[in-house]
Amino acid sequence: AGVPGVLVADRRTGAVVDTVGAGVLHSPVQLELLGDRWYVSDIDQGRPSLAMFTSGGKTLERLVSLARFGATPHQFAVLPDGRVVIEAPAGQLLALTGDSAARFSTYQPGPRTGFLLGAAGGVFHAVPDRHLTLYNAFGNIRWRRNWPWAETAFITDLAVDAQGRIHVLAGVPGDGTFIVFTITPADGEVVRWSEYARGASFTIDYLGHVRPDTLFAN
């Protein structure tokens, strides 16, 4: 049986206004929007897939198995032309078009798999203990910043706000807290930090403010 789906909340009020993938999704992990198309990574009994919904999330258009492609199949980034970028083994990023895959870029893998997000018309890729990279839509590096915290922090989530700023949620194992830092897509500069909190999820409201949250992943 499917779960109720992905609950959609109003950024201004926090009220639930819609549901995506009801009766279709099992364990949704990550979602991205492109126009009126919703992309949701899902895991059903250990089998990862990517569900694509049209009509504002009402109609299942396609379900693509990711098990044969990705090192981290629940992580993905959607490009403006609809290609989906995922991590593959041996330090490769692949761009999926339908059932085919082409190399998007290469990188130096770290001891843990990375996180992906569509950002600034390209792809933001965070590799713990290695680097943070923003690629353009052609797989070329716009900028790259070394991961500055070594073993002192780990990534748990990414988000982009309405102003295009990128937000990275990092956990600190030493004291069990989490903090969100915000970077600009232009040059990767960190422009602000949130207060330390216990919550491992967060939302970005319509003004770009970071808010702790335990119900909705943004």
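**Ground rules.** I noted that this is a predicted model, in which local features need pLDDT of at least 70 and side-chain atom pairs count only at pLDDT 80 or more, while totals for chains, interfaces and linings use all residues. Residues are numbered from 1 along each chain as its sequence is written, and side-chain values use heavy atoms, with hydrogens and water left out.

**Entry on Glu32.** I placed Glu32 in strand 3, residues 28-34; helices (H or I, at least four residues) and strands (E, at least two) are DSSP runs, numbered from the N terminus. Glu32 counts as buried because its relative accessible area is 8%, given that buried means under 20% relative accessible area, exposed over 50% and partly exposed in between, with a 1.4 Å probe and protein chains only. Leaving out residues up to four places away in sequence, I listed what Glu32 touches (contact means heavy atoms within 4.5 Å), and among these residues are Arg37, Trp38, Tyr39, Val78 and Leu116.

**Entry on the cores.** I then turned to the nonpolar cores, each a set of buried Ala, Val, Leu, Ile, Met, Phe, Trp, Tyr and Cys residues joined through side-chain atoms within 4.5 Å. The largest has 16 residues, and those with the most contacts inside it are Phe124, Leu132, Ile155 and Leu158. Among the elements that give two or more residues to this core I found strand 12 (122-127), strand 13 (131-135) and strand 15 (154-160). A second, separate core has 13 residues, including Tyr39 and Val78, both of which Glu32 also touches.

**Entry on salt bridges.** Taking a salt bridge as a side-chain nitrogen of Lys or Arg within 4 Å of a carboxyl oxygen of Asp or Glu, I noted a count of 6 salt bridges. One of them joins Arg112 and Asp129, whose closest N and O atoms are 3.2 Å apart. This pair links distant parts of the chain, 17 residues apart, with Arg112 in the loop between strand 10 (100-106) and strand 11 and Asp129 in the loop between strand 12 and strand 13. Arg112 is partly exposed at 34%, whereas Asp129 is buried at 16%. In another, the side chains of Arg83 and Asp81 meet at 2.8 Å, N to O; Arg83 is partly exposed at 22%, and Asp81 is exposed at 53%.

Strand 17 and strand 18 pair over 3 bridges, and Ile183 stands opposite Val190 in strand 18. Arg192 also lies in strand 18, and at 25% relative accessibility Arg192 counts as partly exposed.

Note on methods
Pairing = 2+ DSSP bridges.
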